[in-house]
Amino acid sequence: IARERQLRSEVTEYARKYVGLPYVYASRNPERGFDCSGFTHFVMKNFGIELSPSSSTQWLQGYSIPLSEVEPGDLVFFRHSSRGRVFHVAMVVSNDADGIRVIHATLSSGIAIDNIQQSSYWRRKIQTARRVLA
């Protein structure tokens, strides 16, 4: 458990180094910027975890966990509607009494950290959470 906690910490610290980079559609290149799934793919690949570069297939990887149990390094997926396709993925950096904070690549902010449960935009679109670090 201590080793898993250490890995989760290393993954999220590594991801934080990229805060402020721009959003670039379909990019997995830290020289240019990232899109959401390109960012999670890039970060996980650095730790030997192979993820699809597409959010709509990343949400099939790992295994499903309740949103209340997410830990740093877990992935959260978003849909515009319950029947819509997954359009966004974010990586959890913390889960506490104040809510779930994620790091993700957004069109408006590039790589940023947001509290998805305090965001009127993101909160309504949370679909599922997946654990890919195990």
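**Figure 1. Overall size of the predicted protein chain.** With 134 residues, a compact globule would have a radius of gyration near 14 Å, and the protein chain agrees at 13 Å. That radius is taken over C-alpha atoms, and the globule rule is 2.2 Å times the number of residues to the power 0.38. Along the principal axes, the C-alpha trace spans about 35 × 35 × 25 Å. This is a predicted model, where local features need pLDDT of at least 70, side-chain atom pairs count only at pLDDT 80 or more, and totals for chains, interfaces and linings use all residues. Residues are numbered from 1 along each chain as its sequence is written, and side-chain values use heavy atoms, with hydrogens and water left out.

Figure 2. The secondary structure comes to 4 helices and 8 strands, in the pattern α-β-β-α-α-β-β-β-β-β-α-β along the sequence. Helices (H or I, at least four residues) and strands (E, at least two) are DSSP runs, numbered from the N terminus. Of the 134 residues, 48% count as buried; buried means under 20% relative accessible area, exposed over 50%, and partly exposed in between (1.4 Å probe, protein chains only). Take the contacts with a separation of 6 or more: residues 24 or more positions apart account for 51% of them, a contact being heavy atoms within 4.5 Å. The accessible surface comes to about 7000 Å², and 47% of it belongs to carbon and sulfur atoms. Those areas come from the Shrake-Rupley method with a 1.4 Å probe, and for residues only the protein chains shown count as cover. As for charge, there are 17 positive and 12 negative side chains, with the centres of the two sets 7 Å apart. Lys and Arg count as positive and Asp and Glu as negative, while His and the chain ends are not counted; each charge is placed at NZ of Lys, CZ of Arg, CG of Asp or CD of Glu.

**Figure 3. Strand 4 and its two partners.** Strand 5 (residues 86-96) runs antiparallel to strand 4, joined to it by 5 bridges; two strands pair if DSSP finds at least two bridges between them. Arg79 has Val86 of strand 5 as its bridge partner, and the two strands form a hairpin with 6 residues between them. Strand 8 (residues 126-131) is also antiparallel to strand 4, this time with 4 bridges. Here Val76 stands opposite Ala129.

Figure 4. Gly84 is found in the loop between strand 4 and strand 5. With a relative accessible area of 21%, Gly84 is partly exposed. From Gly84 to Gln127 is 43 residues in sequence, but 10.0 Å in space, C-alpha to C-alpha.

Figure 5. Helix 2 (residues 36-45) has 9 of its 10 residues buried, so it is largely enclosed by the rest of the structure. The buried set is Cys36, Ser37, Gly38, Phe39, Thr40, His41, Phe42, Val43 and Met44. Zoom in on Thr40 and you get 0% relative accessibility. Beyond its neighbours within four places in sequence, Thr40 is in contact with Leu51, Gln58, Leu75, Val89 and Met91.

Figure 6. Val11 is buried at a relative accessible area of 0%, and Thr12 is buried at 5%. Setting aside neighbours within four places in sequence, Val11 is in contact with Val43, Met44, Phe47, Met91 and Leu133. With residues up to four places away likewise not counted, Thr12 touches Pro72, Gly73, Met91, Val92 and Val93. Val11 and Phe42 are 31 residues apart along the chain, with 11 Å between their C-alpha atoms.

Figure 7. Most residues other than glycine have a negative phi. Ala26 has a positive phi of about 60 degrees although it is not a glycine. Ala26 lies in the loop between helix 1 and strand 1 (28-29) and counts as exposed, at 54% relative accessibility.
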